[in-house]
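Here's a quick run of questions to work through with the model open beside you. Have a look at it first, then see how your answers line up.

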Amino acid sequence: MAPVLAALLMLVLAFFPRPALAQNAVFEVPDLNAGLDAPPDRIDRRTPRSMMASFLTAADQKDWLTAAHLLDLNDLPRERQGLIGPILARQLHAVVDRKALLDWSLLIDRPDALQTTGRQSDATAGSPRRSLLLRDLPLDPAPAAIRLNRVQVENGGDPVWVFAQETVSNVPALYARYGPSSFELALPASLRNEAFASLMWWELAGLPLLLLAAVVVGWLVHKMLQYCWRRAESRLATGVLRAMSTPFIIASVTGLVWWVTSTVFAFSGRIDFVLTPAIAIGFVTAALLLIVNGVEAALDGFMAPGEDVDLTRAEQAEARAVATRLNAIKRVLLVVVFLVGVGIVLSSANLFESLGISLLASAGALTIVLGVAARSLLGNILASLQIAMNQSARMGDRIVYKGEMCHVERIHMTYVQLRSWTGTRLVVPVGEFVSETFSNWTLQEPEMVRLLKFKLDPRIDIAALRAAFDQVLDAMAETDLGADLGDLAEAEVNITGQDAFGIDVWCSVPCKDPNTSWEMACTAREKLVTRLVDLEKDSGRPVFPAHVSAMDA
């Protein structure tokens, strides 16, 4: 019976963890900070949270010797720990205060730092921990970690939490990069004292001055570029300089803020938490606008190399196709640069680590929110790419959209800009434009026939009508309009129907260029109506039917 019970006991122990395992989640060391005096009772190193609270309390009191007990100084010789330890504690506090905005949810208030919340798939869920990573800070040649370790002296004693040896060894280098600058140290001590909300007086005065200097620099850059583009000799140079204006202003302002915060002033973590992503966003936005505006300026220069060039003309067919392809390239560049820019901003700003948000969970929620909010925007962008790729409507094409005679002036990311024959601009969302049926005259055969439709009196002299129509076309052929007329042998006059009001007469006007056929048809109609009025007077026979209203009858 005893062997059976022993076997069952071993089986149970194999499936259930023993509490003793939690005691092994420590780093054993021969001794800890033997060169320092006994740690004072006012510090609590039992849990990560109490340890960090003790460190910050000692730092607020400028008690750096007490703060040194919260660092693992075993890499230092014992005789130097009492001298170097307080200095390292002060420098580490400056780095943590300026660059490592603390996420207190990571500092678990348990001696074993066991994570009791989270998914079962989390690597640390339900397991005691002996090391906690608070933040990785960029440092050459490799990032430096701000880390807490749980250590225990081999000959006894309770485990305690302290800053890891690796973190302590990197403190001088971190302080040299992220600590106060020489300019800040030269300021009066009164300006370096804390004002409120853990901000120093120089920060409260320096931040408005920095913003004012950024505004002045942006204004100066704008005036300089404005001076250059107003004196540019070519249209292309003017367009490029104007396109560079906004990205250069953003880049210059962002560069000033970056230079000041990296060399002149090192702001505290609360301000740096906002400035770091703002600087990254500024540089990325400047690069994005420079690429997009540069392509737009090149496109405008190609489309309009001279004031007298009309992209709607037949000889500009290749220019229309190339201009539309350049628009497609611009859209692809915009999407690529935007995605790369978002990645750079998130990676450089460490937003998810700073806020303590799970990257996977936040990315999923953010994707849902952005997907719903930007559904229409993304649909328009994809529709504009569709137009650019399938060339269904190229820039400069003459189309009939919802009964309006227009030509395509611009194909933007989210809308199509059309110009009607009266000069009015129509702004149509791309999604709506591609969902509507429109007639593209430019995509038809190079030669086309425009029909002039009339309702005439049945007693009209048809032979005289044909003669009048031929005279109109012959007269147009002798003017500048003749270059846009097609083969006059294709001109016809046909009676296509009749009713109680009169006969339907269609006059065919041959045109060479679909883009100018509308104007040709309007001119021919005007001249033919004038001839028909004269014909009615000369012959004494009615040409236009006399309509009698019901009231007159």
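Q: How many disulfides does the structure hold?
A: This is a predicted model, and a disulfide needs two cysteine sulfur atoms within 2.5 Å. Cys406 is buried, with a relative accessible area of 1%, and Cys511 is buried too, with a relative accessible area of 1%. The count of disulfides in the structure is 0.

Q: The structure holds 1 aromatic pair; are the rings of Phe55 and Phe163 stacked or edge-to-face?
A: The structure's 1 aromatic pair has ring centres 5.0 Å apart, with the planes of Phe55 and Phe163 at 65 degrees. Planes over 60 degrees apart count as edge-to-face, so for Phe55 and Phe163 the answer is edge-to-face.

Q: Which residue has its charged end over the ring of Trp506?
A: Two cases of a charge over a ring are worth a look here. Arg130 lies over the face of Phe27, 4.2 Å from the ring centre. Over Trp506, at 4.4 Å from the centre of its ring, sits the charged end of Lys453.

Q: Is Asn33 buried or exposed?
A: Asn33 sits in the loop between strand E1 (27-29) and H3, and its phi is near 50 degrees, a positive value in a residue other than glycine. Most residues other than glycine have a negative phi. The relative accessible area of Asn33 is 5%, and under 20% means buried, so Asn33 is buried.

Q: And Lys62: buried or exposed?
A: Lys62 isn't a glycine either, yet it has a positive phi of about 60 degrees. You'll find Lys62 in the loop between H3 and helix H4 (64-68). Its relative accessibility is 60%, and the cut-off is over 50%, so Lys62 counts as exposed.

Q: What is the accessible area of the nonpolar surface patch that includes Val216?
A: Val216 lies in helix H8 (residues 201-230). With 41% relative accessibility, Val216 counts as partly exposed, and residues need over 30% to join a patch. Leu209, Leu212, Val216, Trp219 and Leu220 make up this nonpolar patch, and together their accessible area is about 530 Å².

Methods: Residues numbered from 1 in each chain as written. Predicted model: local features only at pLDDT ≥ 70, side-chain atom pairs only at ≥ 80, totals over all residues. Heavy atoms only, no water. Patch = residues over 30% accessible without salt bridge, like charges linked within 9 Å, V, L, I, M, F, W, Y side chains within 5 Å. Areas by Shrake-Rupley, 256 points an atom, 1.4 Å probe, with all protein chains shown as cover. Salt bridge = Lys/Arg side-chain N within 4 Å of Asp/Glu carboxyl O. Helix = DSSP H or I, 4+ residues; strand = E, 2+ residues; numbered from the N terminus. Buried < 20%, exposed > 50% of the residue type's maximum accessible area, 1.4 Å probe, protein only. Phe/Tyr/Trp six-rings, centres within 6.5 Å; stacked < 30°, edge-to-face > 60°. Lys NZ or Arg CZ within 6 Å of the ring centre and 35° of its normal.
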